[in-house]
Amino acid sequence: MSVAMDTESTYSGYSHYSGHSKKAHRQGRDRHKSPRSKDGSRSEKSVTIQTPPAEPLLGNDASRTEEGQDDNWGETTTAITGTSEHSISQEDIARISKDLEDSVGLDCKRYLGLTVAAVLGLLVFLTPIAFILLPQILWRDDLEPCGTVCEGLFISVAFKLLILLIGTWALFFRQPKADIPRVFVFRALLLVLIFLFVFSYWLFYGVRILDSKDTNYQGIVQYAVSLVDALLFIHYLAIVLLELRQLQPMFAVKVVRSTDGESRYYSLGHLSIQRAALVVLENYYKDFTVYNPALLTASKSRAAKHMAGLKVYNVDGPGNNASGQSRAMIAAAARRRDSSHNELYYEEADHERRVKKRRARLVVAVEEAFTHIKRLQAEEQQKAPGEMMDPREAAQAIFPSMARALQKYLRTTRQQQYHSMESILQHLSFCITNNMTPKAFLERYLNPGPTLQYDRDRWFSKQWTLVSEEAVTSGLQDGIVFVLKCLDFSLVVNVKKIPFIKLSEEFIDPKSHKFVLRLQSETSV
Amino acid sequence: SYFIFFSFQQRIEIHKLRQGDNLILGFSIGGGIDQDPTQNPFSEDKTDKGIYVTRVTEGGPAEVAGLQIGDKIMQVNGWDMTMVTHDQARKRLTKRNEEVVRLLVTRQSLQKAVQQSMMS
């Protein structure tokens, strides 16, 4: 753990402490040493279950227990049991198994926010109507009669309110696709602005009109119209702040997966870190190939061999000369004739050849199977014209002929746990229904696809934690790095600013900027 | 009557004149494969990228030898001049160690129809 502690932004449990963030995060540093009761109490208050906090599960404890026990590392690391510092209570187990979407439930904080906004919105919407109706109700007899101009203003108020209603519905009443811990800064700002605005209008109205029982009805109606106009402008401000400002791309973020180095670049506008994290995650599911732990075993075994290669014995007595030991190890490793690169090369070449062979067999088998279907279809047409063959039956008929080749291929490319027989049969009947070619059918199996393509149980990546040094509501800036951790791997996100491009204008004679021969020149000889 | 263009070749021998440190021939050339052939006022075919005589100084060695404005230089001392750049042409004409250059030029001539003269 580095001394400069990262701000672990786990979910709403800490957002209650947003005002005392520093204190909370310093507590967070000692979190793994503090008693479990703290987390137990948090579970009572915690409201966002969307992704539970990154409590290290049983498997991850090894990394934590190493601290402070370096000298006994070889002897005391045994099988991790539940009796380590991070014993997990019953409710945590229930919480951990919750998925991304199951958490759209009874979230007090979210509902609170929503109700406040809804009440405020309703109030704001009814205010102009109230302004117009109150004088009519309260002192109808004293009012000046409403002339044509005044009635025209009624129409304008009605339509502007309608436009405002539609605009608000379009902008704000959308299904939230994600829940984030800290509050949206701009939204809160806008709510406060609207509240102050309407409050001041009511104040003025109450003092100058209600108290004094103003008889100039046209003036009152105009006052209500001005309120509606101002609300429309606030709506415009909301659009600009919440939507438009983020559209123009300002940053290029690079997302790298920690386990296999797969990386992508995305363009983002002026977003807060938490919203940028959301965008990255949304794109992760459709852009990155699915995380396959089986593919990492080769590099892990190589790493294990390197580690096991050299053992250092301290002959000069008990002195914890760690740096001296590591230097000795590095020097010895450099001198050793290591042929692991050779092994790697031949292993990879061999693997590639095997994959290609199996792939060829698979493609041939599937093509034969599909032509068999065509023959079957033709026969069926002859026997019973007009009757379509059931795709499911057809799929089941040809599946055995290519099952073996497919299974062997999937085993070689280590994808076999992502496809069950049922899913293959379903996909096959789907392809037959839609008249796809064998290649289209195989597209799903030949190369690993994005995570969304597979069954939810195989995702390995449903619960995420955002770890960042800056506060998560602060905006993106050049050079920011934050990490999105899930249980098995993490996505390291690096933010870079798109360079400022300066295009300048220069007048060039049209004849000279094209590649034409030089004008006729004359030389005296 | 009508006009006939025809061209004939002529061999011209020019003796260079020494002026100070230079040997001059007394004419100017234009054209070359790196030049714009459409600007050539003397060529009949506007895609012709050959070397043409654009000016002949009065009383100079070229005029004395019979070179005329508008001549197309085909060879200089045996070197082909139909597919050279402007600068290469200049170099071939201004070699320091040559006092005499023998040019093969093509000249276009305008003649009234021979028929008319025959009929009249």
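This is a predicted model: local features need pLDDT of at least 70, side-chain atom pairs count only at pLDDT 80 or more; totals for chains, interfaces and linings use all residues.
Chain B contains three helices and eight strands. Along the sequence of chain B these elements follow the pattern β-β-β-β-β-α-β-β-α-β-α. Chain B has 120 residues, of which 41% count as buried.

For chain A, an unreviewed UniProt entry carries the annotation "transmembrane region" for residues 111-133, 153-172, 184-204 and 224-244. In the model, residues 111-133 of chain A are 100% helix and 0% strand, and the C-alpha atoms at the ends of this span lie 32 Å apart. Residues 224-244 of chain A are 90% helix and 0% strand, with an end-to-end C-alpha separation of 29 Å.

One is nonpolar, has an area of about 890 Å², and consists of Ile155(A), Phe159(A), Leu162(A), Leu165(A), Ile166(A), Trp169(A), Phe172(A) and Phe173(A).

Lys408(A) is located in helix α14 of chain A. With a relative accessibility of 32%, Lys408(A) counts as partly exposed. Tyr409(A) also lies in helix α14 of chain A. In contrast to the partly exposed Lys408(A), Tyr409(A) is buried, its relative accessible area being 2%.

Over all chains, 14 salt bridges were found in the structure. Side chains of opposite charge can pair when their charged atoms come close. In chain A, the side chains of Arg257(A) and Glu262(A) form one such bridge, with an N to O distance of 3.0 Å. Arg257(A) and Glu262(A) are both buried. This pair is part of a network of salt bridges that links Arg257(A), Asp260(A), Glu262(A) and Arg264(A).

A further salt bridge in chain A joins Asp350(A) to Arg353(A), with the closest N and O atoms 2.8 Å apart. Both residues belong to helix α13 of chain A and are three residues apart, which is about one turn of the helix. Asp350(A) is partly exposed, with a relative accessible area of 33%, whereas Arg353(A) counts as exposed at 54% relative accessibility. The two residues fall into separate classes because 33% for Asp350(A) is below the 50% limit for exposure and 54% for Arg353(A) is above that limit.

In chain B, Asp71(B) and Arg107(B) form a salt bridge in which the closest N and O atoms are 2.8 Å apart. This pair links distant parts of the chain, 36 residues apart: Asp71(B) is in the loop between α1 (61-65) and β6 (72-76) of chain B, and Arg107(B) is in strand β8 (residues 100-112) of chain B. Asp71(B) has a relative accessible area of 0% and is therefore buried. Arg107(B) is buried as well, with a relative accessible area of 10%; the limit for a buried residue is 20%.

Backbone torsions were also considered. Most residues other than glycine have a negative phi. Arg414(A) has a positive phi, near 60°, and is not a glycine. Arg414(A) is found in the loop between α14 and α15 (421-433) of chain A, and with a relative accessible area of 31% it is partly exposed. In chain B, Asn77(B) is likewise a residue other than glycine with a positive phi, here near 50°. Asn77(B) is placed in the loop between β6 and β7 (79-80) of chain B. At 27% relative accessibility, Asn77(B) counts as partly exposed.

Note on methods
Residues are numbered from 1 along each chain as its sequence is written. Chains are lettered from A and ligands numbered from 1 in the order in which they are written. Side-chain values use heavy atoms; hydrogens and water are left out. Patches are made of residues with over 30% relative accessible area and no salt bridge: like charges are joined within 9 Å, nonpolar side chains (Val, Leu, Ile, Met, Phe, Trp, Tyr) within 5 Å. Accessible areas come from the Shrake-Rupley method with a 1.4 Å probe; for residues, only the protein chains shown count as cover. A salt bridge is a side-chain nitrogen of Lys or Arg within 4 Å of a carboxyl oxygen of Asp or Glu. UniProt positions are given in the numbering used here, feature names are shortened, and annotations may be inferred rather than shown by experiment. Helices (H or I, at least four residues) and strands (E, at least two) are DSSP runs, numbered from the N terminus. Buried means under 20% relative accessible area, exposed over 50%, partly exposed in between (1.4 Å probe, protein chains only).
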